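Student: I'd like to learn how to read a structure like this one. Can you walk me through a few features?

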Amino acid sequence: PTLLILDQEGNEHHRTVGFMSAEELIPSLLLGIGNLHFNGNDFKKALSSYEKIISDFSESDSAPEAIFQKGVSLYKSTNDPKLLKKAYEHLQDKYPVSQWTKRAYPYRLIQ
């Protein structure tokens with residue numbers, strides 16, 4: 001099975017392919033909703049979805065991406081690059097082998 005999160009125009013914002021356990025369904029949907037808002041530059045709504053994943057579903061497969069996207073959303077809404085570094089540090093601490101930690105790796109250099 002494939003789960004797609006689309007906007008009103010049919011643009012795809014998130015895709016999950018394959019079987020998903022019940023514990024992963026809600027965080028995956030929240031991630032898709034957050035990404036839809038992120039791509040629409042509505043960072044306040046995006047942050048709400050990402051923070052829900054981080055607080056309530058921290059062990060889910062969606063959590064590392066939510067932390068990464070939260071950091072980028074905060075940066076885009078405040079222009080404070082230190083928030084990107086903070087996201088990297090959170091990822092490095094909790095999910096050191098995640099692809100999202102690797103993507104955030106350059107943020108470690110932010111002063």
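Tutor: Strands (E, at least two residues) and helices (H or I, at least four) are DSSP runs, numbered from the N terminus. Keep in mind that this is a predicted model: local features need pLDDT of at least 70, side-chain atom pairs count only at pLDDT 80 or more, and totals for chains, interfaces and linings use all residues. Residues are numbered from 1 along each chain as its sequence is written, and side-chain values use heavy atoms, with hydrogens and water left out.

Student: In which sense do β1 and β2 pair, and over how many bridges?

Tutor: Two strands pair if DSSP finds at least two bridges between them. Here β1 (residues 2-6) and β2 (residues 12-17) are antiparallel, over five bridges. They form a hairpin with five residues between them, and Gly-10 in the turn has a positive phi of about 90 degrees.

Student: Which residues other than glycine have a positive phi?

Tutor: Asn-41 is one of them, with phi near 60 degrees. Asn-41 lies in the loop between α1 (22-39) and α2. Asn-79 has a positive phi too, near 65 degrees, and is found in the loop between α3 and α4 (82-94).

Student: Is Asn-41 buried or exposed?

Tutor: Buried means under 20% relative accessible area, exposed over 50%, and partly exposed in between (1.4 Å probe, protein chains only). Asn-41 is at 55%, so it counts as exposed. Asn-79 is exposed as well, at 58%.

Student: And how do I read a helix pair?

Tutor: Two packed helices are described by the angle between their axes and the distance between the axes. Axes are lines fitted to C-alpha atoms, for helices over the stretch in contact, and angles run from 0 to 180 degrees between N-to-C directions. The axes of α2 (residues 43-56) and α3 (residues 63-78) come within 9 Å and cross at roughly 150 degrees. That makes α2 roughly antiparallel to α3 (an angle over 145 degrees).

Student: Which residues make the contact?

Tutor: Contact means heavy atoms within 4.5 Å. Among those involved are Phe-43, Leu-47 and Tyr-50 of α2, and Ala-66, Lys-70 and Leu-74 of α3.

Student: Where is Gly-71, and is it buried or exposed?

Tutor: Gly-71 is in helix α3 and is buried, with a relative accessible area of 2%. Not counting residues up to four places away in sequence, Gly-71 touches Leu-83, Leu-84 and Ala-87. The C-alpha atoms of Gly-71 and Leu-47 are separated by 9.1 Å, though these residues are 24 apart along the chain.

Methods. Parallel < 35°, antiparallel > 145°, perpendicular 65-115°, else oblique.
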